[in-house]
Amino acid sequence: MKEKILDKFAEIFGDNEGAKAYFAPGRVNLIGEHTDYNGGHVFPCALTIGTYGVARKRTDNKLRFYSMNFEKLGVIESSLDDLKPEKEAEWTNYPKGVIWAFGEKGMQVPCGMDLLLNGNIPNGSGLSSSASVEVLTGFILKDFFGFDVSNQDLALIGQYAENNFNQVNCGIMDQFAIAMGKKDQAIFLDTATLEYEYAPIRLQNSKIVIACSNKKRGLGDSKYNERRSECETALEELKQAVTIESLGELDEETFEKVKGVIESEVRMRRAKHAVYENRRTIRAVKALSDNDVEQFGKLMNESHVSLRDDYEVTGIELDTLVEEAWKVDGVIGSRMTGAGFGGCTVSIVKDEAIDTFIEQVGKVYEKKIGYAADFYVVEIGDGPCVL
Ligand code: GLA
(Lines give C-alpha, C1' and ligand atoms only; values in the text may rest on other atoms or scores of the structure.)
Protein backbone atom coordinates (compact mmCIF):
# COMPACT_ATOMS: atom_id res chain seq x y z
CA MET A 1 0.00 0.00 0.00
CA LYS A 2 2.81 2.43 0.90
CA GLU A 3 4.33 2.20 -2.56
CA LYS A 4 0.96 2.51 -4.26
CA ILE A 5 0.04 5.72 -2.45
CA LEU A 6 3.51 7.24 -2.86
CA ASP A 7 3.30 6.56 -6.62
CA LYS A 8 -0.14 8.10 -6.80
CA PHE A 9 1.09 11.12 -4.84
CA ALA A 10 3.85 11.61 -7.41
CA GLU A 11 1.32 11.31 -10.24
CA ILE A 12 -1.02 13.89 -8.71
CA PHE A 13 1.46 16.33 -7.16
CA GLY A 14 4.40 16.09 -9.59
CA ASP A 15 6.86 14.02 -7.51
CA ASN A 16 7.03 12.49 -4.06
CA GLU A 17 10.33 13.86 -2.82
CA GLY A 18 10.09 14.62 0.90
CA ALA A 19 6.63 13.08 1.16
CA LYS A 20 5.80 10.74 4.07
CA ALA A 21 3.21 7.97 4.34
CA TYR A 22 0.90 7.43 7.31
CA PHE A 23 -2.01 5.27 8.47
CA ALA A 24 -4.91 5.72 10.89
CA PRO A 25 -7.42 2.95 11.60
CA GLY A 26 -11.22 2.82 11.49
CA ARG A 27 -13.10 1.55 14.52
CA VAL A 28 -15.91 -0.74 15.50
CA ASN A 29 -17.82 -0.47 18.74
CA LEU A 30 -18.43 -3.83 20.42
CA ILE A 31 -20.96 -2.54 22.96
CA GLY A 32 -21.96 0.76 24.61
CA GLU A 33 -23.93 2.55 21.92
CA HIS A 34 -25.26 6.10 22.22
CA THR A 35 -23.75 6.28 25.69
CA ASP A 36 -20.74 8.49 24.95
CA TYR A 37 -22.67 11.78 24.97
CA ASN A 38 -24.55 10.60 28.05
CA GLY A 39 -21.50 10.25 30.28
CA GLY A 40 -21.53 6.47 30.00
CA HIS A 41 -19.08 3.74 29.03
CA VAL A 42 -18.15 2.51 25.54
CA PHE A 43 -16.14 -0.51 24.39
CA PRO A 44 -14.76 0.09 20.89
CA CYS A 45 -11.62 -1.13 19.15
CA ALA A 46 -9.49 0.11 16.27
CA LEU A 47 -9.40 -1.98 13.10
CA THR A 48 -6.62 -2.96 10.75
CA ILE A 49 -8.59 -1.27 7.95
CA GLY A 50 -8.46 2.50 7.89
CA THR A 51 -7.10 5.54 6.05
CA TYR A 52 -3.72 5.64 4.34
CA GLY A 53 -2.25 9.05 3.60
CA VAL A 54 0.77 10.70 2.04
CA ALA A 55 1.63 14.26 3.01
CA ARG A 56 4.26 16.84 2.20
CA LYS A 57 4.86 20.35 3.50
CA ARG A 58 4.61 23.26 1.09
CA THR A 59 6.51 26.53 1.07
CA ASP A 60 3.31 28.59 0.69
CA ASN A 61 -0.02 28.58 2.55
CA LYS A 62 -1.87 26.39 0.06
CA LEU A 63 -3.63 23.19 1.04
CA ARG A 64 -4.12 20.69 -1.75
CA PHE A 65 -6.10 17.54 -1.14
CA TYR A 66 -6.73 14.45 -3.23
CA SER A 67 -8.61 11.28 -2.31
CA MET A 68 -8.31 8.02 -4.20
CA ASN A 69 -11.79 7.23 -2.87
CA PHE A 70 -13.28 10.26 -4.65
CA GLU A 71 -11.11 10.49 -7.76
CA LYS A 72 -13.80 12.32 -9.71
CA LEU A 73 -13.46 15.29 -7.37
CA GLY A 74 -9.82 15.74 -8.43
CA VAL A 75 -7.52 18.00 -6.41
CA ILE A 76 -9.45 20.21 -4.00
CA GLU A 77 -7.61 23.38 -3.05
CA SER A 78 -7.87 25.61 -0.07
CA SER A 79 -5.63 27.88 1.97
CA LEU A 80 -4.48 28.29 5.55
CA ASP A 81 -5.66 31.89 5.31
CA ASP A 82 -9.23 30.88 4.61
CA LEU A 83 -10.18 27.96 6.81
CA LYS A 84 -13.94 27.65 6.80
CA PRO A 85 -16.30 24.76 6.09
CA GLU A 86 -17.67 24.77 2.56
CA LYS A 87 -20.07 22.39 0.91
CA GLU A 88 -17.95 22.28 -2.27
CA ALA A 89 -14.93 21.31 -0.17
CA GLU A 90 -16.56 17.88 0.32
CA TRP A 91 -14.46 15.46 2.41
CA THR A 92 -11.63 18.00 2.74
CA ASN A 93 -13.70 19.73 5.42
CA TYR A 94 -12.42 17.00 7.78
CA PRO A 95 -8.67 17.67 7.42
CA LYS A 96 -9.37 21.41 7.15
CA GLY A 97 -11.36 21.24 10.38
CA VAL A 98 -8.44 19.65 12.18
CA ILE A 99 -5.96 22.24 10.88
CA TRP A 100 -8.41 24.93 12.07
CA ALA A 101 -8.83 23.21 15.46
CA PHE A 102 -5.04 23.14 16.05
CA GLY A 103 -5.06 26.92 15.43
CA GLU A 104 -7.94 27.39 17.88
CA LYS A 105 -5.90 25.52 20.50
CA GLY A 106 -2.93 27.85 19.99
CA MET A 107 -0.98 25.63 17.57
CA GLN A 108 -0.80 27.55 14.30
CA VAL A 109 0.11 25.39 11.34
CA PRO A 110 3.02 27.36 9.80
CA CYS A 111 2.79 26.27 6.16
CA GLY A 112 0.49 24.56 3.70
CA MET A 113 0.64 20.95 2.58
CA ASP A 114 -0.30 18.47 -0.11
CA LEU A 115 -2.25 15.49 1.19
CA LEU A 116 -3.36 12.36 -0.63
CA LEU A 117 -5.65 9.82 1.01
CA ASN A 118 -6.70 6.29 0.25
CA GLY A 119 -9.08 4.61 2.68
CA ASN A 120 -10.21 1.01 2.78
CA ILE A 121 -13.06 1.64 5.22
CA PRO A 122 -16.33 1.54 3.29
CA ASN A 123 -17.55 5.18 3.16
CA GLY A 124 -20.57 6.08 5.26
CA SER A 125 -20.57 2.60 6.77
CA GLY A 126 -20.44 3.73 10.38
CA LEU A 127 -16.88 2.50 10.86
CA SER A 128 -15.74 6.08 11.37
CA SER A 129 -14.02 6.97 8.13
CA SER A 130 -14.33 10.67 9.04
CA ALA A 131 -12.83 10.28 12.52
CA SER A 132 -10.05 8.24 10.92
CA VAL A 133 -9.26 11.14 8.55
CA GLU A 134 -9.35 13.57 11.47
CA VAL A 135 -6.95 11.57 13.63
CA LEU A 136 -4.68 10.94 10.63
CA THR A 137 -4.51 14.68 9.92
CA GLY A 138 -3.73 15.50 13.55
CA PHE A 139 -1.04 12.82 13.61
CA ILE A 140 0.56 14.27 10.46
CA LEU A 141 0.50 17.81 11.89
CA LYS A 142 2.13 16.58 15.09
CA ASP A 143 4.81 14.74 13.12
CA PHE A 144 5.48 17.65 10.74
CA PHE A 145 5.52 20.52 13.20
CA GLY A 146 6.41 18.89 16.52
CA PHE A 147 3.26 20.01 18.34
CA ASP A 148 3.28 18.80 21.91
CA VAL A 149 0.12 16.69 21.85
CA SER A 150 -0.61 13.16 23.04
CA ASN A 151 -2.74 10.68 21.10
CA GLN A 152 -5.55 11.41 23.53
CA ASP A 153 -5.23 15.11 22.63
CA LEU A 154 -5.48 14.14 18.95
CA ALA A 155 -8.81 12.46 19.75
CA LEU A 156 -10.10 15.55 21.55
CA ILE A 157 -8.92 17.88 18.77
CA GLY A 158 -10.61 15.64 16.17
CA GLN A 159 -13.86 15.71 18.10
CA TYR A 160 -13.55 19.49 18.57
CA ALA A 161 -13.15 19.89 14.81
CA GLU A 162 -16.10 17.62 14.08
CA ASN A 163 -18.33 19.47 16.59
CA ASN A 164 -17.29 23.03 15.83
CA PHE A 165 -16.10 23.04 12.21
CA ASN A 166 -18.28 20.35 10.69
CA GLN A 167 -21.21 20.94 13.05
CA VAL A 168 -21.71 17.27 13.87
CA ASN A 169 -22.44 16.90 17.54
CA CYS A 170 -20.67 13.55 18.00
CA GLY A 171 -19.28 12.19 21.27
CA ILE A 172 -15.64 11.22 21.89
CA MET A 173 -15.85 7.49 21.17
CA ASP A 174 -14.76 7.33 17.53
CA GLN A 175 -11.75 9.62 17.68
CA PHE A 176 -10.66 8.07 20.99
CA ALA A 177 -10.89 4.50 19.71
CA ILE A 178 -8.85 5.43 16.65
CA ALA A 179 -6.18 7.56 18.30
CA MET A 180 -5.70 5.12 21.21
CA GLY A 181 -6.12 1.85 19.30
CA LYS A 182 -4.09 -1.20 20.34
CA LYS A 183 -3.69 -4.50 18.53
CA ASP A 184 -6.02 -7.24 19.80
CA GLN A 185 -7.38 -4.99 22.55
CA ALA A 186 -10.65 -3.15 22.95
CA ILE A 187 -10.83 0.08 24.94
CA PHE A 188 -13.13 0.30 27.94
CA LEU A 189 -13.64 4.04 28.18
CA ASP A 190 -15.56 6.02 30.75
CA THR A 191 -16.64 9.01 28.68
CA ALA A 192 -17.44 11.08 31.80
CA THR A 193 -13.83 11.07 33.02
CA LEU A 194 -11.87 9.78 29.99
CA GLU A 195 -10.41 7.08 32.22
CA TYR A 196 -9.81 3.97 30.16
CA GLU A 197 -8.48 0.45 30.27
CA TYR A 198 -7.40 -1.89 27.53
CA ALA A 199 -9.13 -5.26 27.51
CA PRO A 200 -7.65 -8.15 25.52
CA ILE A 201 -10.16 -9.65 23.10
CA ARG A 202 -9.79 -13.41 23.39
CA LEU A 203 -12.59 -14.81 21.32
CA GLN A 204 -11.77 -18.51 21.52
CA ASN A 205 -12.10 -19.75 17.93
CA SER A 206 -14.41 -16.94 16.90
CA LYS A 207 -13.98 -13.77 14.89
CA ILE A 208 -15.51 -10.33 14.63
CA VAL A 209 -17.57 -10.08 11.47
CA ILE A 210 -18.91 -6.77 10.24
CA ALA A 211 -21.93 -6.68 7.95
CA CYS A 212 -22.33 -3.45 6.05
CA SER A 213 -25.94 -2.69 5.15
CA ASN A 214 -24.89 -0.41 2.28
CA LYS A 215 -27.61 1.96 3.34
CA LYS A 216 -25.76 5.24 3.29
CA ARG A 217 -26.09 7.65 6.11
CA GLY A 218 -24.34 10.67 7.50
CA LEU A 219 -24.65 11.85 11.08
CA GLY A 220 -25.68 15.27 9.81
CA ASP A 221 -28.79 14.02 8.12
CA SER A 222 -29.73 11.39 10.68
CA LYS A 223 -31.72 11.77 13.83
CA TYR A 224 -28.51 11.72 15.83
CA ASN A 225 -28.85 15.26 17.13
CA GLU A 226 -32.51 14.66 17.93
CA ARG A 227 -31.60 11.68 20.15
CA ARG A 228 -28.98 13.77 21.91
CA SER A 229 -31.43 16.49 22.74
CA GLU A 230 -34.08 14.00 23.87
CA CYS A 231 -31.53 12.64 26.34
CA GLU A 232 -30.56 16.13 27.47
CA THR A 233 -34.19 17.01 28.18
CA ALA A 234 -34.74 13.73 30.02
CA LEU A 235 -31.64 14.48 32.13
CA GLU A 236 -33.01 17.91 33.07
CA GLU A 237 -36.31 16.31 34.10
CA LEU A 238 -34.53 13.62 36.15
CA LYS A 239 -32.53 16.27 37.98
CA GLN A 240 -35.76 17.22 39.80
CA ALA A 241 -35.66 13.82 41.47
CA VAL A 242 -32.01 12.92 41.80
CA THR A 243 -28.64 14.73 41.92
CA ILE A 244 -26.81 13.73 38.75
CA GLU A 245 -24.76 15.39 36.03
CA SER A 246 -25.32 12.72 33.37
CA LEU A 247 -27.49 9.68 32.65
CA GLY A 248 -24.35 7.55 32.98
CA GLU A 249 -24.41 8.11 36.74
CA LEU A 250 -27.67 6.22 37.19
CA ASP A 251 -28.07 2.51 37.79
CA GLU A 252 -31.17 0.64 36.64
CA GLU A 253 -32.83 0.52 40.08
CA THR A 254 -32.53 4.25 40.69
CA PHE A 255 -33.72 4.99 37.18
CA GLU A 256 -36.83 2.85 37.66
CA LYS A 257 -37.58 4.67 40.92
CA VAL A 258 -37.30 8.18 39.52
CA LYS A 259 -38.27 7.82 35.85
CA GLY A 260 -41.81 9.07 36.56
CA VAL A 261 -40.56 12.67 36.45
CA ILE A 262 -39.86 12.31 32.72
CA GLU A 263 -42.97 13.75 31.13
CA SER A 264 -42.94 11.95 27.79
CA GLU A 265 -43.04 8.22 27.19
CA VAL A 266 -40.61 8.57 24.27
CA ARG A 267 -38.01 10.45 26.34
CA MET A 268 -38.41 7.85 29.08
CA ARG A 269 -37.41 5.11 26.62
CA ARG A 270 -34.47 7.14 25.31
CA ALA A 271 -33.16 7.66 28.84
CA LYS A 272 -33.81 4.03 29.71
CA HIS A 273 -31.60 2.94 26.84
CA ALA A 274 -28.79 5.27 27.91
CA VAL A 275 -28.91 4.02 31.51
CA TYR A 276 -29.32 0.30 30.76
CA GLU A 277 -26.82 0.28 27.90
CA ASN A 278 -24.18 1.83 30.12
CA ARG A 279 -24.70 -0.80 32.82
CA ARG A 280 -24.76 -3.52 30.15
CA THR A 281 -21.41 -2.34 28.86
CA ILE A 282 -19.84 -2.56 32.31
CA ARG A 283 -21.25 -6.08 32.71
CA ALA A 284 -20.10 -7.10 29.23
CA VAL A 285 -16.51 -6.09 29.90
CA LYS A 286 -16.62 -8.05 33.16
CA ALA A 287 -17.98 -11.11 31.31
CA LEU A 288 -15.16 -10.89 28.82
CA SER A 289 -12.52 -10.67 31.53
CA ASP A 290 -14.10 -13.79 33.09
CA ASN A 291 -13.69 -15.45 29.67
CA ASP A 292 -17.48 -15.73 29.39
CA VAL A 293 -17.84 -14.94 25.68
CA GLU A 294 -21.36 -16.41 25.59
CA GLN A 295 -22.53 -13.88 28.17
CA PHE A 296 -20.80 -11.09 26.24
CA GLY A 297 -22.75 -12.17 23.15
CA LYS A 298 -26.06 -12.20 25.02
CA LEU A 299 -25.43 -8.66 26.18
CA MET A 300 -24.66 -7.62 22.58
CA ASN A 301 -28.05 -9.02 21.56
CA GLU A 302 -29.79 -7.15 24.38
CA SER A 303 -28.03 -3.99 23.28
CA HIS A 304 -29.54 -4.35 19.81
CA VAL A 305 -33.04 -4.90 21.17
CA SER A 306 -32.73 -1.75 23.26
CA LEU A 307 -31.43 0.27 20.30
CA ARG A 308 -34.28 -1.09 18.18
CA ASP A 309 -37.19 -0.73 20.59
CA ASP A 310 -36.28 2.01 23.05
CA TYR A 311 -33.77 4.18 21.23
CA GLU A 312 -35.23 3.55 17.75
CA VAL A 313 -32.06 3.99 15.72
CA THR A 314 -31.97 0.72 13.79
CA GLY A 315 -34.34 0.45 10.80
CA ILE A 316 -35.26 -2.49 8.60
CA GLU A 317 -31.77 -2.92 7.11
CA LEU A 318 -29.90 -3.28 10.42
CA ASP A 319 -32.73 -5.26 12.02
CA THR A 320 -32.73 -7.73 9.14
CA LEU A 321 -28.97 -8.24 9.35
CA VAL A 322 -29.09 -8.78 13.10
CA GLU A 323 -32.25 -10.85 13.33
CA GLU A 324 -31.01 -13.16 10.56
CA ALA A 325 -27.63 -13.40 12.28
CA TRP A 326 -29.32 -14.54 15.51
CA LYS A 327 -30.80 -17.50 13.60
CA VAL A 328 -27.40 -18.84 12.53
CA ASP A 329 -25.82 -21.55 14.68
CA GLY A 330 -22.42 -20.42 15.87
CA VAL A 331 -23.32 -16.72 16.18
CA ILE A 332 -22.39 -15.69 19.70
CA GLY A 333 -23.81 -12.20 19.52
CA SER A 334 -24.91 -9.64 16.95
CA ARG A 335 -25.94 -6.00 17.09
CA MET A 336 -25.91 -2.76 15.16
CA THR A 337 -22.79 -0.67 15.72
CA GLY A 338 -22.14 3.07 15.49
CA ALA A 339 -24.81 5.72 15.18
CA GLY A 340 -27.35 3.45 13.46
CA PHE A 341 -29.95 4.41 10.82
CA GLY A 342 -27.91 2.37 8.31
CA GLY A 343 -24.23 1.56 8.50
CA CYS A 344 -23.04 -1.75 9.93
CA THR A 345 -23.68 -4.55 12.35
CA VAL A 346 -21.02 -6.30 14.40
CA SER A 347 -21.24 -10.01 15.17
CA ILE A 348 -19.06 -12.51 16.97
CA VAL A 349 -19.14 -15.69 14.95
CA LYS A 350 -17.48 -19.07 15.53
CA ASP A 351 -14.83 -19.79 12.89
CA GLU A 352 -16.67 -22.78 11.44
CA ALA A 353 -19.92 -20.80 11.09
CA ILE A 354 -18.52 -17.76 9.26
CA ASP A 355 -19.18 -19.00 5.72
CA THR A 356 -22.74 -20.06 6.53
CA PHE A 357 -23.31 -16.77 8.34
CA ILE A 358 -22.25 -14.71 5.34
CA GLU A 359 -24.22 -16.83 2.92
CA GLN A 360 -27.42 -17.11 4.93
CA VAL A 361 -27.63 -13.55 6.21
CA GLY A 362 -26.51 -12.17 2.84
CA LYS A 363 -29.17 -14.10 0.94
CA VAL A 364 -32.09 -13.10 3.12
CA TYR A 365 -30.89 -9.50 3.25
CA GLU A 366 -30.67 -9.12 -0.50
CA LYS A 367 -34.07 -10.71 -1.02
CA LYS A 368 -35.77 -8.52 1.56
CA ILE A 369 -33.95 -5.21 1.04
CA GLY A 370 -33.32 -5.39 -2.71
CA TYR A 371 -29.55 -4.89 -2.68
CA ALA A 372 -26.63 -6.79 -1.20
CA ALA A 373 -24.81 -6.36 2.09
CA ASP A 374 -21.01 -6.63 2.35
CA PHE A 375 -19.23 -8.72 4.95
CA TYR A 376 -15.81 -8.19 6.48
CA VAL A 377 -13.97 -10.48 8.87
CA VAL A 378 -11.92 -7.91 10.75
CA GLU A 379 -8.96 -7.74 13.06
CA ILE A 380 -8.23 -5.35 15.89
CA GLY A 381 -5.28 -3.12 15.13
CA ASP A 382 -3.11 -0.30 16.45
CA GLY A 383 -3.67 3.45 16.42
CA PRO A 384 -2.11 5.92 13.94
CA CYS A 385 1.44 5.39 12.68
CA VAL A 386 4.10 6.45 10.20
CA LEU A 387 4.41 3.82 7.48
C1 GLA B 1 -21.40 7.98 16.27
C2 GLA B 1 -20.75 9.10 17.07
C3 GLA B 1 -20.21 8.56 18.39
C4 GLA B 1 -21.28 7.77 19.16
C5 GLA B 1 -21.96 6.76 18.24
C6 GLA B 1 -23.12 6.08 18.91
O7 GLA B 1 -20.45 7.03 15.88
O8 GLA B 1 -19.72 9.70 16.34
O9 GLA B 1 -19.71 9.63 19.17
O10 GLA B 1 -22.21 8.65 19.74
O11 GLA B 1 -22.42 7.35 17.04
O12 GLA B 1 -22.70 5.27 19.95
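How do the residues of the lining of the second largest pocket divide into nonpolar, polar and charged? I would like to start from that question, keeping in mind that what we have here is a predicted model. The lining divides into five nonpolar residues, one polar and three charged, and the pocket that they surround holds about 160 Å³ of space. The lining residues are Asp 184, Ile 201, Leu 203, Ser 206, Lys 207, Ile 208, Val 378, Glu 379 and Ile 380, and the largest share of them, three residues, is contributed by strand β9, which covers residues 206-212. As for the general idea behind such a search, rolling a probe the size of a water molecule over the atoms shows where empty space is left.

Asp 184 sits in the loop between α5 (173-179) and β7 (185-190). Is Asp 184 buried, partly exposed or exposed? With a relative accessible area of 39%, Asp 184 counts as partly exposed, because that value falls between the 20% and 50% cut-offs.

A positive phi also turns up at Asn 291, where the value is about 65° although the residue is not a glycine. Asn 291 belongs to the loop between α8 (265-289) and α9 (293-309), and its relative accessible area of 38% makes it partly exposed.

Let me move to the sheet. Six strands form an open sheet in the order β5-β4-β6-β3-β1-β13, with mixed pairing; its edge strands are β5 (76-79) and β13 (385-386), each of which pairs on one side only. Within that order, why do I describe strand β3, residues 44-57, as largely enclosed by the rest of the structure? The reason is that twelve of its 14 residues are buried. On one side, β3 pairs with strand β1 (residues 20-29) in the antiparallel sense over nine bridges, and Pro 25 has Gly 50 of β3 as its bridge partner. The pairing of β3 with strand β6 (residues 113-119) is likewise antiparallel, and it runs over seven bridges; here Val 54 has Leu 116 in β6 as its bridge partner, while Arg 56 stands opposite Asp 114 in β6.

Gly 106 is exposed, with a relative accessible area of 62%. Between Gly 106 and Leu 73 there are 33 residues of separation in sequence and 32 Å in space, taken from C-alpha to C-alpha.

Finally, a helix. Helix α6, residues 224-238, has 15 residues and reaches 21 Å from its first C-alpha to its last, which is close to the 21 Å expected at 1.5 Å a residue. Its buried residues are Tyr 224, Arg 227, Arg 228, Glu 230, Cys 231, Ala 234, Leu 235, Glu 237 and Leu 238. When reading such a list, remember that an α-helix has 3.6 residues a turn, so residues three or four places apart point the same way. What do the buried residues of α6 pack against? They pack against α7 (252-258) and α8.

Conventions: Residues numbered from 1 in each chain as written. Predicted model: local features only at pLDDT ≥ 70, side-chain atom pairs only at ≥ 80, totals over all residues. Heavy atoms only, no water. 1 Å grid on protein atoms, 1.4 Å probe; cavity = no way out; pocket = protein on both sides within 12 Å on 5 of 7 lines; lining within 4 Å. Points joined across faces, edges and corners; volume = space filled by probe spheres on them. Helix = DSSP H or I, 4+ residues; strand = E, 2+ residues; numbered from the N terminus. Nonpolar A, V, L, I, M, F, W, Y, C, P; charged D, E, K, R; others polar. Buried < 20%, exposed > 50% of the residue type's maximum accessible area, 1.4 Å probe, protein only. Pairing = 2+ DSSP bridges. Expected span 1.5 Å × (residues − 1). Contact = heavy atoms within 4.5 Å.
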